[in-house]
Amino acid sequence: SSADGTSPTTKKYPGFFGVYADPRAWGGLVYMLISIITGTLYFSWAVTGLSTSIGVMVLIIGIPIAIIFLLSFRGIAFLEGRLVEALLGERMPRRASFTDSSLPWKERLKILLTGKATWLSIIYMILMLPLGVIYFSVTVTLIALALGFIAAPAGSLVMINLGIPFEILASGDLVWYLSDAQAMGLSLGLAALGVVILTAYMPVTRWVGKLDGTFA
């Protein structure tokens, strides 16, 4: 809790630009950017583990290999839970029930093999690839667009100093140019639009982070 007794997860950041002070928005942004990496790794390991386990199940070593892969799936799910908790602020379970040393090993093995958490972890790992692709693609596209607009005035200044004309439309022999003042005004307008796009997207990252944290 903060000094005023407000929990970090419920603290308000008023104003249009207040979202930049919200750690949940930044956490969601970082999570969406790295999701393409984690999603690819999770998906690859889940598919590899499932296909390998099924392929060797007819052999004596098949069951131990399957158990090892199931343990790895739960281990990855635990690490993902810590990542979600750190970046998205969603409270995650601390320990899987099959790790309870007070239970007989047969009971713990049964929980590992038949527990819904094991198989839901695998489904989650598989789904994170398409989700990661969507998160990463949308985030990078919008950030690149916004930063490009914000950098427009700098580009205009370079063109003005180099004496490069601002050609905006050409039709046959007819060419329309912008004056330096018009070009700078347009670039400033684009910069303002870039700031609006970037700032408006930050609450989206916070919302997606909240949604994905609940899903996890």
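**View 1. Ser187 is buried in helix H6**. The relative accessibility of Ser187 is 2%, so this residue counts as buried; buried means under 20% relative accessible area, exposed over 50%, and partly exposed in between (1.4 Å probe, protein chains only). This is a predicted model, in which local features need pLDDT of at least 70 and side-chain atom pairs count only at pLDDT 80 or more, while totals for chains, interfaces and linings use all residues. Residues are numbered from 1 along each chain as its sequence is written, and side-chain values use heavy atoms, with hydrogens and water left out. Which residues does Ser187 touch, not counting residues up to four places away in sequence? They are Phe149, Ala152, Pro153 and Ser156, where contact means heavy atoms within 4.5 Å. Look for Ala154 as well: Ser187 and Ala154 are 33 residues apart in sequence, and their C-alpha atoms are 8.5 Å apart in space.

**View 2. A nonpolar patch on the surface**. Phe16, Phe17, Leu147, Ile150, Leu193, Val195 and Val196 make up this patch, and together they have about 590 Å² of accessible area. Accessible areas come from the Shrake-Rupley method with a 1.4 Å probe; for residues, only the protein chains shown count as cover. Like charges are joined within 9 Å, and nonpolar side chains (Val, Leu, Ile, Met, Phe, Trp, Tyr) within 5 Å. Helix H4 (116-150) and helix H6 (180-215) each supply at least two residues of the patch, and H6 gives the largest share, three residues. Val195 sits in helix H6; its relative accessible area is 31%, so Val195 is partly exposed.

**View 3. Helix H1 and its bend at Ile34**. Helix H1 covers residues 23-56, which makes 34 residues.

**View 4. The protein chain with its six helices and two strands**. Helices (H or I, at least four residues) and strands (E, at least two) are DSSP runs, numbered from the N terminus. Along the sequence, they follow the pattern α-α-α-α-α-β-β-α. Of the 216 residues, 31% count as buried.

Key
Patches are made of residues with over 30% relative accessible area and no salt bridge: like charges are joined within 9 Å, nonpolar side chains (Val, Leu, Ile, Met, Phe, Trp, Tyr) within 5 Å. A salt bridge is a side-chain nitrogen of Lys or Arg within 4 Å of a carboxyl oxygen of Asp or Glu. The expected span of a helix is 1.5 Å times one less than its number of residues. The bend at a residue is the angle between axes fitted to the seven residues ending there and the seven starting there.
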